[in-house]
Amino acid sequence: MFQAVITLDDLGGRTRVTLRSTFTTKEARDLVVREYGAIEGGQQTLARLDQYLTSVREVEERLLTA
């Protein structure tokens with residue numbers, strides 16, 4: 001129904017994540033946004049990714065200082 005590209009850009013210690021989805025029609029895009037909550041779902045997924053990466057970083061820092 002659509003094609004998605006995820007781009008990660010290094011911003012000097014921070015990362016910008018860009019999600020770009022291309023749909024075959026405007027109607028298909030509107031359906032996914034309206035019926036499946038694509039925008040909110042994407043935001044929730046990115047928030048979970050941030051939490052996961054933060055926890056991994058914290059474990060790595062503890063191991064390096066132990």
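**View 1. Two helices and two strands make up the elements of the protein.** Helices (H or I, at least four residues) and strands (E, at least two) are DSSP runs, numbered from the N terminus. The order of these elements from the N terminus is β-β-α-α. This is a predicted model, in which local features need pLDDT of at least 70, side-chain atom pairs count only at pLDDT 80 or more, and totals for chains, interfaces and linings use all residues. Residues are numbered from 1 along each chain as its sequence is written, and side-chain values use heavy atoms, with hydrogens and water left out.

**View 2. The C-alpha trace of the protein spans about 55 × 25 × 15 Å along its principal axes.** The radius of gyration of the protein is 16 Å, whereas a compact globule of 66 residues would have one near 11 Å. This radius is taken over C-alpha atoms, and the globule rule is 2.2 Å times the number of residues to the power 0.38.

**View 3. Of the 66 residues in the protein, 6% are buried.** Buried means under 20% relative accessible area, exposed over 50%, and partly exposed in between (1.4 Å probe, protein chains only).

**View 4. S21 lies in strand β2, which covers residues 15-23.** S21 has a relative accessible area of 40% and is therefore partly exposed. Leaving aside residues up to four places away in sequence, S21 touches F2, Q3 and A4; contact means heavy atoms within 4.5 Å. Between S21 and I6, the C-alpha to C-alpha distance is 8.7 Å, with 15 residues separating them in sequence.
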